[in-house]
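User: I have a model open and would like to talk through some of its details with you. Could you take a look?

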Amino acid sequence: MDAAILFAQHHPSLFRYLSRLTGDPDVAEDAAQEAFVRLMERPPAPGETRAWLFRVGTNAAWMALRTRGRRRRLLEAAPLRAPLGDAPPAPDAHAETAEVRERVRAALDGLPERDRTILMMQQEGFRYREIAEAVGTTTQSVGTMIARALNKLAAELRLDDEEEDGWNPYR
Amino acid sequence: MEPVSLTRPHLEDGELLCLLDGEAEAVARGDAEAHLEACAACRGRMERFRTRRERLASLLASADFSPPVPMTPPSTVLLSEAGPTAGEAATARAGAKVIPLRGRPAPAGRRVDRPWLRAAAAVLLLAAAVAVATPARAWIAQWVGRQWSQLAHGGRSAPAPPPAAPAPAPPAAPQASAQVRFVPAGSELRVEVAHAQRAGTLTLVPVAGTAALAEVLGAQGVELLVVPSGLRIRNAANDAAGYRIQVPEGVRRVRVRVGAGRESVIERTSIGPAGVGLALGS
């Protein structure tokens with residue numbers, strides 16, 4: 001196993017996928033790191049590395065999000081222990097990007113975990129067979145789930161809008 | 001009322017997605033395709049799904065976060081020594097037509113040094129070596145995380161090995177090729193090649209589904225960078241690498257610009273099954 005090559009090949013798309021999946025770059029970074037650490041411990045069969053990394057990263061990300069959700073609920077129940085002040089804005093979060101990010105995030109968060117995972121894996125170019133193995137469903141169901149997710153997002157993000165001057169994601 | 005295949009009712013949404021993505025095994029393809037051929041309503045629904053996905057891809061790309069480590073531009077692949085004309089050979093084997101591209105030759109540029117990558121490589125190789133020697137999982141995670149964190153906060157020199165750890169392994173053996181897969185955001189795919197090369201060919205090949213696959217065939221050091229508009233190839237003027245890009249169905253045309261040269265527009269319908277080659281030689 002050549003770790004440096006694997007890292008260069010897979011880390012950028014894995015991080016992009018995980019940050020889209022979770023909406024949290026910190027969780028994405030941690031989950032991607034977890035996936036690579038496990039890769040070094042127990043490498044999968046040749047030819048399955050990419051799907052394996054994404055599967056492990058996905059599980060790690062969902063687990064981290066659930067842990068974070070539990071912590072937030074605890075802090076909300078005991079507000080005196082909560083950290084003070086808002087998190088500083090990300091340096092690259094200029095207005096348009098922030099607005100689009102917020103809209104996309106809200107829409108994606110409205111999808112069930114599995115539908116979101118399937119949709120984001122498809123966006124990364126995975127075949128249905130690989131997606132089905134990752135989320136534990138049948139290949140035949142993947143198309144249905146992608147369609148269901150797109151139908152829901154179409155309404156939330158106005159993906160079907162037709163305008164004279166073309167579709168504008170920033171409106 | 002339009003006549004449709006009597007063998008089945010309208011296609012379900014999931015079946016349309018399977019056809020759109022070229023997933024033959026996931027649907028009774030013969031029946032479904034026959035119905036689609038005859039039914040304008042289903043073709044319209046399929047087109048709507050295609051549009052939705054293109055727009056979603058565009059939104060996702062514009063909302064992406066930057067990678068946490070100031071290292072890899074997204075989807076960057078580092079290559080190393082390989083035969084200088086592998087791309088041309090592959091193009092010739094495939095029987096693709098080769099079109100000369102008009103690109104202004106760029107001056108031979110100095111390679112950009114990438115200390116972060118050397119550091120990351122050393123860290124990962126070290127961690128891998130340790131993982132084999134001792135299954136100290138927590139220690140590996142801590143060590144890798146610390147080094148990545150150093151890189152993320154501006155550390156530019158190769159990290160020193162931790163106490164009692166084996167010395168970093170030597171750099172990776174050269175690889176002959178590499179690839180990056182992505183889903184283009186719209187119906188146009190832009191390919192920007194940084195420099196006209198000494199030799200080499202960029203080959204476009206049509207493919208079913210929605211994912212594009214870009215491959216480098218022989219290079220001394222090339223970066224593939226996926227950007228919202230498509231693909232950026234960071235090469236050097238003295239390279240002789242070949243590139244092959246699988247153009248998915250959603251892409252209607254490909255725009256290729258080499259250096260500061262004129263843009264070439266290739267309609268997907270004009271690309272034959274064997275592909276079309278664009279000469280990158282200056």
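User: Which residues of helix α6 (residues 128-135) of chain A are buried?
Analyst: They are Tyr128(A), Glu130(A), Ile131(A), Ala132(A) and Ala134(A), where buried means that 20 or more other C-beta atoms, placed from the backbone, lie within 10 Å of the residue's own. Just after α6(A), Gly136(A) has a positive phi of about 75°. This is a predicted model, in which local features need pLDDT of at least 70 and side-chain atom pairs count only at pLDDT 80 or more, while totals for chains, interfaces and linings use all residues. Residues are numbered from 1 along each chain as its sequence is written, with chains lettered from A and ligands numbered from 1 in the order in which they are written.

User: And α1(A), how many of its residues are buried?
Analyst: For α1(A) the count is 20 of the 20 residues, so this helix is largely enclosed by the rest of the structure.

User: Where does it bend?
Analyst: Helix α1 of chain A, residues 3-22, bends by about 40° at His10(A), with Pro12(A) following within four residues; the bend is the angle between axes fitted to the seven residues ending there and the seven starting there.

User: Switching topic, how many helices and strands are in chain B?
Analyst: Chain B has six helices and eleven strands, these being DSSP runs (H or I, at least four residues, for helices; E, at least two, for strands) numbered from the N terminus. Of its 282 residues, 43% are buried.

User: What about chain A, how many of each there?
Analyst: Chain A has seven helices and zero strands, and 42% of its 171 residues count as buried.

Methods: Buried ≥ 20, exposed ≤ 12 C-beta atoms within 10 Å, placed from the backbone.
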